Amino acid sequence: MRYLSGIQPTGRLHLGNYFGMIRPAVELQAKGEAYYFLADYHALTGATEPGQLPGLVHETYLDLIACGVDPERAVVFRQSAVPEVHELAWYLSTVTPMGLLERCHSYKDKVARGLAPSHGLFAYPVLMAADILLYDADRVPVGQDQKQHLEVARDIAGKFNERYGPVWKLPESVIREDAGVVLGVDGQKMSKSYGNTLEIFAPEKDLRKKIMGIKTDSTPIEAPKAVEGSVLWGLVRLMGTEAERAEYRAKMEKGGTGYGDLKKILADLVLQEFCEMRKRREELEADPARLKRWMRQGAEKARHTADQVLARVRSAVGINKS
Ligand code: ADP
Ligand code: TRP
């Protein structure tokens, strides 16, 4: 079984990324072959400044490894280490119906939020399909918001097979329903682009401050607090021990504990959950030579797989380089 996933290096990783994608990816790397990459070409469709990209790639790489993605076990690389992904994206785009892309929520949402409606943004799902197919991935662990993109990738692979024969197995998404959509401090989906994130590796003081600033309703201290749908419970349910979760839930349901205290407990839980990872990140940061070696190793392995798959695709479409 081959697992693959990607994440855009557009900002420091947050709890939504962790519970939605990174934690499942870390669990899966022990169960089969895993390919995890930093989607730096994709990042160009957003608002990232060119000068910021190399630093963001570096920071996101460190974040991922500190969270448990293991470069000795998984193939961890940056997307641009294998630029041939664009060649595959082109072949795929020739069989991609316009209507398929026109239906994508992500494009519409991003444009509605003010991103320039570029062709790159529109064609994003085709490049994403190429990311997945170039490495013959079977399963793709992603957060719920990427579900439609996975369906598009399968549709594109299916169209390609209809035209050229059985070149691809259809990849399947792995979506952890238990993580759902993690909410940010303002109650919307936690996302780098909404500025409402809790960053895993933010300094303790900042993280506590952000948690204390989570938007809550005006339920008085003595009254029971709404549990389901609340930002606080949405995070607590994903962390700690069963006993800690039960105790927290009881505190919300019973009343008598104010939001300030509930937030303090949440902050302690978050810091406890990520304590080891935060230490590990500091250790990793102190050894840039090791990071470089891992990056190179990941790029070589990714390229090796991609070369084999591309040879198969070129032969199918009749583009034979000799
Ligand atoms: P962002 O919205 O912050 O830019 P990305 O689009 O880079 O995050 O997402 C990277 C991965 O993390 C994807 O698999 C995505 O589904 C997952 N993810 C992002 N935000 C959340 C969230 N709030 N809840 C659950 N999963 C999330
Ligand atoms: N679109 C994904 C996101 O924004 C990132 C991504 C790019 C990806 N290519 C991928 C995820 C391939 C899984 C597989 O989160």
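Strand S1 (2–7) and helix H8 (124–133) each supply at least two residues of the shell around ligand 2, and H8 gives the most, with four residues. Helices here are DSSP runs of H or I with at least four residues, strands are E runs of at least two, and both are numbered from the N terminus. This is a predicted model, where local features need pLDDT of at least 70, side-chain atom pairs count only at pLDDT 80 or more, and totals for chains, interfaces and linings use all residues. Residues are numbered from 1 along each chain as its sequence is written, chains are lettered from A and ligands numbered from 1 in the order in which they are written, and side-chain values use heavy atoms, with hydrogens and water left out.

Let's look at the ligand. In total, 14 residues surround ligand 2 (a heavy atom within 4 Å), and Tyr124 and Met128 are among the closest. By class, the shell has eight nonpolar, five polar and one charged residues; Asp, Glu, Lys and Arg count as charged, Ala, Val, Leu, Ile, Met, Phe, Trp, Tyr, Cys and Pro as nonpolar, and the others, Gly among them, as polar.

Taken alone, ligand 2 exposes 370 Å², and the protein buries 90% of that (Shrake-Rupley method, 1.4 Å probe).
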